Amino acid sequence: MGSLRVKFWGTRGLISSPRPETAIFGGNTPCVQILYKDHLILVDSGFGSTNLGDDLMARLAARQEPLHVHIFYTHFHWDHIQGLPFFKPIYFPSTTMSLYSPQPTARMLDNLNILFDGSYSPFESLLSMQAKVHLCQLSGPFELDGLRIDYRAVDHVASDHPGEETYAYKFAAENLGTVCLITDHEVRNNKKNRALVEWAKGCDLLIHDGQYFAADYLAHVGWGHSSAQAALDNALKIGPALTLLTHHDPARNDRELQAQHRALMQGKKYRRLTFEFAREEVLYEVAKVKSLPKAG
Amino acid sequence: MSKIMKLKFLGVRGSRPTHKRSLLGYGGNSTCLEFHCVGEKFHLFLDGGSGLARRGHELGESPTHRNFHFLVTHTHWDHILGYPFFKPIYDKRNLLVFYASNTTRSTFNDLFFGLQRSANLPVPRHQLKARLAFEKVAPDTEFTIEGKVKVKTFQLNHQGVTLAYKVQYGDCSACIITDNAPIQGNYLGEGMPARAAQDPLAFEREFEAGLVAFLKGVHTVVFDSHFTEETLKADWGHSTPQRALAFCRLAGVRRLVLFHHAPEDMDEQVDNKLQSVFHDACHSGIEVEAAREGEEWDLCG
């Protein structure tokens with residue numbers, strides 16, 4: 001039968017925030033693992049991915065097992081890529097790394113290669129690392145051993161380069177459920193958000209950008225991130241069994257996130273939803289939605 | 001009144017910031033140090049790893065002073081990734097001065113603005129509203145900051161042109177050796193293979209004697225001890241507690257602070273590193289500590 005689960009290796013947006021006050025929700029930059037059969041599937045390679053990489057070393061050493069790691073990139077901002085040169089399996093010729101994005105492979109290489117530039121690191125190029133690295137441009141939905149993967153552009157800050165967008169991902173496994181990740185997206189009353197909501201409808205687990213509290217958001221309109229409230233407004237329309245808010249602001253500590261969660265739970269508006277602020281290294285089961293809640 | 005300078009550790013990790021419950025005792029932020037010259041009207045930092053971002057948040061909209069000086073050791077990620085997240089850089093009332101080396105490959109100026117590459121950071125360069133000044137610094141040079149703080153440089157055995165800094169204010173002094181590998185048959189710094197070509201042993205002796213002379217008589221030495229003697233990979237550019245102590249003994253320093261903890265090191269491993277040199281340090285009259293994020297030390301007395 002199997003299962004579909006997710007694990008956050010990094011929940012923090014912008015920059016790492018390691019301190020005792022962030023020990024519960026986590027302090028590493030974004031990386032989400034999709035646990036499906038025996039595959040190693042990640043969304044983004046922020047510094048959180050390095051902790052997974054360290055864990056995989058034990059597997060490499062004990063079983064001499066070749067690894068095949070799949071990484072799906074939402075976009076190439078520092079916080080979503082910066083762990084890649086420190087992801088230890090990349091130093092082993094037995095490792096294969098497939099890196100996916102809807103961007104042309106030449107852009108992907110440019111955007112990742114700066115991490116391996118000899119002035120910023122002791123390396124020369126992503127392609128001269130020991131692992132076999134494959135860059136793959138996505139051109140529509142595809143299937144990986146029964147897992148259907150789809151993507152959709154979100155509302156995030158554009159780069160100077162025309163057509164360079166940020167993407168949400170959807171992972172769907174027959175009979176097991178569907179996960180939608182919308183990690184860098186600013187909810188606004190526009191066509192893009194409405195289309196995104198339509199696309200995400202029917203997912204069982206929704207992971208959504210909720211970097212700000214409502215009051216902070218007012219000072220950050222146009223920065224490409226959502227308030228927890230706006231994320232939950234989207235969740236009400238999408239109707240998942242569980243919503244996980246992520247990309248926590250580096251300035252927020254555990255106590256503040258817990259207080260915010262309590263405040264949101266107490267209001268009437270989000271009573272129909274089950275939601276949490278995502279925590280690092282916790283396994284979340286994808287539970288099937290029994291029936292869609294009535295639109296209210 | 002004698003002058004007082006203190007040193008605060010804002011980030012003690014090497015390679016990358018890391019977060020795990022079992023290492024937060026020493027701290028997970030990457031390299032950033034702050035010197036506090038009591039009574040002076042400027043801020044002085046060494047490197048801008050992730051520890052700098054949190055300090056910027058603390059300073060907020062109205063920092064104590066408007067002048068910020070940064071001693072830059074080199075441009076590997078762990079030492080620079082915090083700059084775009086340092087709030088005072090977005091306020092036109094602030095002045096930030098960077099003292100940094102260039103390599104034959106690139107200038108610090110270019111690499112600094114490279115952080116603003118639009119596909120990697122959604123903040124265009126014109127939003128850095130603070131006045132920015134870049135002072136080119138070579139190895140073996142001396143300069144002063146705001147006419148008050150004496151600074152000397154030395155090229156370390158690490159990739160590119162990585163600088164060690166000696167910082168003196170009144171009777172207070174510290175040397176910061178963030179990244180340095182054993183030199184024996186291992187020439188990592190720009191220009192070093194050429195200098196070693198004629199007579200490798202003479203070059204190695206000269207390098208080590210130069211570093212000892214640089215550290216001579218300094219109160220506190222902060223020294224790269226990323227590896228243990230068992231895990232040492234010399235060509236990665238880092239040192240061990242034993243090697244750090246050996247230099248400090250020859251130079252007769254008062255205090256050694258182990259620094260640039262490997263991101264894989266949990267609190268227990270850092271404790272073990274400290275214990276591995278504690279006895280020898282004690283018998284050499286050297287106080288030895290392991291750098292802990294948030295701690296502040298006096299650099300004199």
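Phe223(B) stands opposite Leu258(B) in strand 12 of chain B. This is a predicted model, in which local features need pLDDT of at least 70, side-chain atom pairs count only at pLDDT 80 or more, and totals for chains, interfaces and linings use all residues. Residues are numbered from 1 along each chain as its sequence is written, while chains are lettered from A and ligands numbered from 1 in the order in which they are written.

Strands (E, at least two residues) and helices (H or I, at least four) are DSSP runs, numbered from the N terminus.

| Partner in chain B | Bridges to strand 12 | Sense |
|---|---|---|
| Strand 11 (residues 220–224) | 5 bridges | parallel |
| Strand 13 (residues 287–290) | 4 bridges | parallel |

From strand 12 of chain B the chain crosses through helix 7 (residues 267–283) to strand 13, a right-handed β-α-β crossover. Right-handed means that, with the strands pointing away from the viewer, the path from the first strand over the helix to the second runs clockwise. Strand 11, helix 6 (residues 241–251) and strand 12 of chain B also make a right-handed β-α-β unit.

Strand 12 (residues 255–259) of chain B is mostly covered, with 4 of its 5 residues buried. A residue is buried if 20 or more other C-beta atoms, placed from the backbone, lie within 10 Å of its own. Of the 301 residues of chain B, 50% count as buried.

Chain B has 7 helices and 14 strands. The C-alpha trace of chain B spans about 50 × 45 × 40 Å along its principal axes.

Terms used: Buried ≥ 20, exposed ≤ 12 C-beta atoms within 10 Å, placed from the backbone. Pairing = 2+ DSSP bridges.
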